[in-house]
Amino acid sequence: MILEELAFLVLALVAIATAIAALLVRELVHTILWIAVFFVDLSAIYFLLEAPFLGVLQLGVYAGAVTVLLLFGIMVTRKRIFSREAATGIGAVPFALAVVTFIFIVSVVGEFPSSAGTIHAYSPADLSQNLFNVNGPWLLLLGLIMLGAVAGAIYLVREGRE
Amino acid sequence: MTDLPLVGFIGLSAALLAIGLFGILTRRNFILLLIAIEIAMNATILNFVYFAAYTGGTAGLTGQSIAVVLVGFAATEVAVGLAIVLALNRLKGTINVAQATELKL
């Protein structure tokens, strides 16, 4: 029991630290490394929450595909990959807005029971049963949106456009 | 079964959302902007997963299904975002969002 709480605490701290580091380091490639650690860390949190399918999906889609896509984006848009960004200031107003958002969301914690009971584990078989039967329309909608997005992306990067 | 405090999860996803919001508002590089959006989106997905884990039953399964669909949406969004990055880079030679002034009056 205490071991899981400790594991969650460490994983949460690592998630917050890597998210902040990803946005604050000045070399873009280091940003990608930090964000990869962030995605793997969130995947570990999903395994802790006994959602193995989502954990694997997080590893495959985020830590795999999204990271490589972002690296590809950096690779093709700059001449020297390891060049530094110009420093962007912290900005008082965005920081205050972020803090206010955090406090606003955390202030509703009292609405929920403090000890919410046990974590329910779902087998991937049950999940896919639900995903393809009850929530089938959402999956179809996702497929249609992905199709539209691919068509739009190809339109944006096509040749012969000035 | 494990029993983790709900407060910690709400605090974690609120913190991630705040970090993502901060990044969206301050970063000027388009790729950093995409990363900030991804951090905020991951906070949302984490929200769905832990409320699903604590709810149980069919409602919990639906929550996890929504999380699966959201992962797909996020990947799609990154793909379109990178297409915009490439188009902006070809048009302006930079990926600074401050340079994307095509539609400004």
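Helix 1 of chain A and helix 1 of chain B run roughly parallel to each other (an angle under 35 degrees). Their axes come within 10 Å and cross at roughly 5°. Axes are lines fitted to C-alpha atoms over the stretch in contact, and angles run from 0 to 180 degrees between N-to-C directions. Helices are DSSP runs (H or I, at least four residues), numbered from the N terminus. The model is predicted: local features need pLDDT of at least 70, side-chain atom pairs count only at pLDDT 80 or more, and totals for chains, interfaces and linings use all residues. Residues are numbered from 1 along each chain as its sequence is written, and chains are lettered from A and ligands numbered from 1 in the order written.

Chain A gives to this helix contact residues including A:Phe8, A:Ile16 and A:Leu23, and chain B gives residues including B:Gly8, B:Leu12 and B:Gly23. Residues are in contact if their C-beta atoms, placed from the backbone, lie within 7 Å. The contact has eleven nonpolar, two polar and no charged residues. Ala, Val, Leu, Ile, Met, Phe, Trp, Tyr, Cys and Pro count as nonpolar, Asp, Glu, Lys and Arg as charged, and the others, Gly among them, as polar.

Across the two chains, 62 residues of chain B touch 69 residues of chain A. Helix 3 of chain B gives the most to the chain B side, with 23 residues. That side has 43 nonpolar, 15 polar and four charged residues.

Within chain A, the axes of helix 1 and helix 2 come within 9 Å and cross at roughly 155°. The two helices are therefore roughly antiparallel (an angle over 145 degrees). Their contact has 16 nonpolar, two polar and two charged residues.

Terms used:
Angles under 35 degrees count as roughly parallel, over 145 as roughly antiparallel, 65 to 115 as roughly perpendicular and the rest as oblique.
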